[in-house]
Structure formats: structure tokens, C-alpha cells
Amino acid sequence: MYIYAIIFSPIVEELICRKYLFTKLHKKYNFWIASILSSVLFALPHWNLVGFLGYVFIGVIWSHYYNKTNNILVPICSHLLFNYFVILFMSLRG
């Protein structure tokens, strides 16, 4: 579970949502539309209605990172660290 959440998931999700979807959408639309649409599609599979806007927000941030650097490793590493700290804090809470 930890390997999936911390390593596998960030790689797969960023390749799909940023590298593929955001890039395709950004060719057709401006940054905001492309990042919001790809981030909504990123948030949906997380099945968390309460955290939906948070997932969209962090997806927009990672779209910004990717757009500015043109390097998919930047949002992948950011996503990986984010998941790591979420799991760490959740495990510390019990």
C-alpha cells in the first residue's frame, strides 16, 4: 500500500494527468482551462467528495510546475513528497 501510494501512484497519475491530458488540453486551451480540466479529472478517481476541491487545487499547482519547467519529474517528485507526508502524518495520528 505504501509503495503504491508513495511511488507508483504519483508516477502514473502525473504521466496521465499532466504529461498527457494537460499537454493535450493546453494545445487547445489556455493554461487555466487546461489545468482545471486535467485537475478535475485527476480529482475524480480519488473518490473523496470532501477533499475534491483540494485535489483540484493541488492538481492546478502541479500543472503549473509542469508548465513552467516542462519536466514531468517536477510534479512527480512533488506528488511523491505530498503523498509521503500525508501518509506520515496519518500514521502519526494513529
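1. Let's start with Ala34. Leaving aside residues up to four places away in sequence, Ala34 touches Phe22, Leu25, His26 and Tyr29; a contact here is a pair of heavy atoms within 4.5 Å. Please keep in mind that this is a predicted model, where local features need pLDDT of at least 70, side-chain atom pairs count only at pLDDT 80 or more, and totals for chains, interfaces and linings use all residues. Numbering runs from 1 along each chain as its sequence is written, and side-chain values use heavy atoms, with hydrogens and water left out.

2. Ala34 also belongs to the largest nonpolar core, whose seven residues are Phe22, Leu25, Phe31, Ala34, Tyr66, Ile72 and Ile76. Such a core is a set of buried Ala, Val, Leu, Ile, Met, Phe, Trp, Tyr and Cys residues joined through side-chain atoms within 4.5 Å. Helices α1 (2-28) and α2 (31-43) each supply at least two residues of this core.

3. On the overall fold, the protein chain has four helices and zero strands, giving the pattern α-α-α-α along the sequence. Helices (H or I, at least four residues) and strands (E, at least two) are DSSP runs, numbered from the N terminus.

4. For overall dimensions, the C-alpha atoms fill a box of roughly 45 × 25 × 15 Å along the principal axes. Buried residues make up 32% of the 94, where buried means under 20% relative accessible area, exposed over 50%, and partly exposed in between (1.4 Å probe, protein chains only).

5. There is one salt bridge in the structure. Glu14 pairs with Arg18, their closest N and O atoms being 2.7 Å apart; the criterion is a side-chain nitrogen of Lys or Arg within 4 Å of a carboxyl oxygen of Asp or Glu. Both residues lie in helix α1, four residues apart, or about one turn. Glu14 counts as buried because its relative accessible area is 0%, and Arg18 is likewise buried at 0%.

6. Now for the surface. Leu81, Tyr84, Phe85, Phe89 and Leu92 form a nonpolar patch with about 540 Å² of accessible area together. Patches take residues with over 30% relative accessible area and no salt bridge, joining like charges within 9 Å and nonpolar side chains (Val, Leu, Ile, Met, Phe, Trp, Tyr) within 5 Å; areas come from the Shrake-Rupley method with a 1.4 Å probe, and for residues only the protein chains shown count as cover. Leu92, in helix α4 (residues 73-93), is exposed because its relative accessible area is 64%.
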